[in-house]
Amino acid sequence: MIQKIALTGIKPSGTPHIGNLMGAIKPALELTKQYRSLYFIADYHALTSVRDKALMQSQIYEVAATWLAAGLDPEESIFYRQSDVPEVFELTWILACMAPKGLLNRAHSYKDSVAKNLEAQRDPDFGINMGLYNYPVLMAADIILYGAHLVPVGQDQKQHIEIARDLAQAFNQQYGEILVVPEPVINESVKTIPGTDGRKMSKSYNNVLPLYVPSKKLRQAVMQIVTDSKGIEESKDPETCNLFQIFKLFAKPERLEEVKLAYQSGGLGYGTLKQELFDLVDLFVSPGRAVYDQYIKDPDRIDHILKLGAHKARAIAHHNLAAVRQAIGMAR
Ligand code: ADP
Ligand code: TRP
């Protein structure tokens, strides 16, 4: 029996955060016991927005060190950089030829950028590059190239996986059952971790609790969590409170109940709860932080790990791409 494949990627477009860990990295690492796993750094996806060479390089190392600090074992999972497997671009073109333009017009990030331009009364495509437009096709190729069955991601990536499914199905309809049609794995309880401002935690919103940064920086971020201005003695609603929603992710169930009651009855100040939350998060990240620091200090070691991973990934990519070429009438 063929072992099923789990695969996911993170783009190096900013400092990794608690949302990435809980929404994608941890669920992905849990799948390694049961599935063959491929995890990668989506550096070419980051090129749609990151244009500073030094920043790109350092963010690639940050994402790599994050995966390793979170527990990725490069012996167990294939861990690589997207850009080290150029086969992905050949498949990107092939899939692009199967992709209806209307499908990509409806992709969230492109649609949102157009909507922003219209709101600002600018040309709808102002500032939008073709990398952003084709982003979902490259992502579909990332997944389909390796025949991945399962893709652990946060809720925001659901539409992208649906596009990958559509493209795999369109290909199969034309050429026979060649491609694996992937399934998203979205864990209900962590599908959208809120950020310090209550919106989805995201590198692009500047609202993150960064993962393996020094305690002082983490503390600053926790203290920035936005709350209403209710005083200590006032009764508060835990369900609509962003601070409580983040606290919920880290507190033990008994403590959560106590805090919930204290919210309702009054007597608990936001400042006190922020301090408690900081202590919890700091404790949660501290074992990983030590590992992270070791890797960040040793980029050669990271390069070595990623190079070995790329070698393994390329072998799979090469094999699968050959089947695709054969199917479309381009066998060598
Ligand atoms: P960001 O939105 O910060 O740029 P990415 O797009 O690089 O993050 O996301 C990498 C992975 O982490 C994806 O699978 C994404 O769905 C997941 N993820 C990102 N933010 C969150 C969040 N706030 N809650 C749950 N999962 C998230
Ligand atoms: N688009 C994903 C994100 O922004 C990153 C990504 C690129 C990805 N290729 C992928 C995730 C393939 C899963 C599978 O988070």
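A helix is here a DSSP run of type H or I with at least four residues, and helices are numbered from the N terminus. The model shown in all views is predicted.

**View 1**
Helix 7 contributes four residues to the shell around ligand 2, the most of any element. The shell holds 14 residues in total, and the closest of them are His-45, Tyr-135, Met-139, Asp-142 and Gln-157. By class, eight residues of this shell are nonpolar, four are polar and two are charged.

On its own, ligand 2 has 370 Å² of accessible area, of which the protein covers 92%. Two elements, strand 1 and helix 7 (residues 130-144), each give two or more residues to the shell around ligand 2.

**View 1. The surroundings of ligand 1.**
Ligand 1 is surrounded by 19 residues, and His-17, Gly-154, Asp-156, Ile-193 and Lys-203 are the closest. Helix 1, which spans residues 18-31, supplies four residues, the largest share of this shell. Sorted by class, the shell around ligand 1 consists of six nonpolar, eight polar and five charged residues.

**View 2. Polar contacts of ligand 1.**
Oxygen atoms of ligand 1 are approached by both backbone and side-chain atoms of the protein. A backbone N or O atom of Gly-154 lies 2.8 Å from such an oxygen, and a backbone N or O atom of Lys-203 lies 2.7 Å from one. From Ser-202, a polar atom of the side chain is found 3.0 Å from an oxygen atom of ligand 1. Ligand 1 taken alone exposes 540 Å², and 96% of that area is buried by the protein.

**View 3. Strand 1, helix 1 and strand 2.**
These three elements form a right-handed β-α-β unit. Strand 1 (residues 5-10) and strand 2 (residues 36-41) run parallel and are joined by six bridges. Among the paired residues, Leu-7 has Leu-38 of strand 2 as its bridge partner, and Ile-10 is partnered by Ile-41 of strand 2. Strand 1 is mostly covered, with five of its six residues buried. Strand 2 is largely enclosed by the rest of the structure, because five of its six residues are buried. In a regular strand, side chains alternate between the two faces of the sheet.

**View 4. Strand 2 beside strand 3.**
Strand 2 also runs parallel to strand 3 (residues 78-81), to which four bridges join it. Within this pairing, Ile-41 has Arg-81 of strand 3 as its bridge partner.

His-311 belongs to helix 13, which covers residues 299-328. The relative accessibility of His-311 is 63%, so the residue counts as exposed, the cut-off for that class being over 50%. Although His-311 and Phe-79 are 232 residues apart along the chain, their C-alpha atoms are separated by 9.9 Å.

**View 5. Asn-172 in helix 8.**
Asn-172 is located in helix 8, residues 158-175. With a relative accessible area of 5%, Asn-172 is buried, since buried residues are those under 20%. The side chain of Asn-172 reaches the backbone nitrogen of Ile-178 at a distance of 3.2 Å.

**View 6. Gln-121 in a loop.**
Gln-121 lies in the loop that links helix 6 (residues 108-119) and helix 7. The phi angle of Gln-121 is near 55°, a positive value in a residue that is not glycine. Gln-121 counts as exposed because its relative accessibility is 74%.

**View 7. Asn-206 in a loop.**
Asn-206 is found in the loop between strand 5 (residues 183-185) and helix 9 (residues 215-223). Although Asn-206 is not a glycine, its phi is positive, at about 60°. The relative accessible area of Asn-206 is 75%, and the residue is therefore exposed.

How values were computed:
Residues numbered from 1 in each chain as written. Chains lettered and ligands numbered in written order. Predicted model: local features only at pLDDT ≥ 70, side-chain atom pairs only at ≥ 80, totals over all residues. Heavy atoms only, no water. Near = heavy atom within 4 Å. Polar contact = N/O pair within 3.5 Å; in protein donor to acceptor, adjacent residues only side chain to side chain. Areas by Shrake-Rupley, 256 points an atom, 1.4 Å probe, with all protein chains shown as cover. Nonpolar A, V, L, I, M, F, W, Y, C, P; charged D, E, K, R; others polar. Buried < 20%, exposed > 50% of the residue type's maximum accessible area, 1.4 Å probe, protein only. Pairing = 2+ DSSP bridges. Right-handed = clockwise from strand over helix to strand, strands pointing away.
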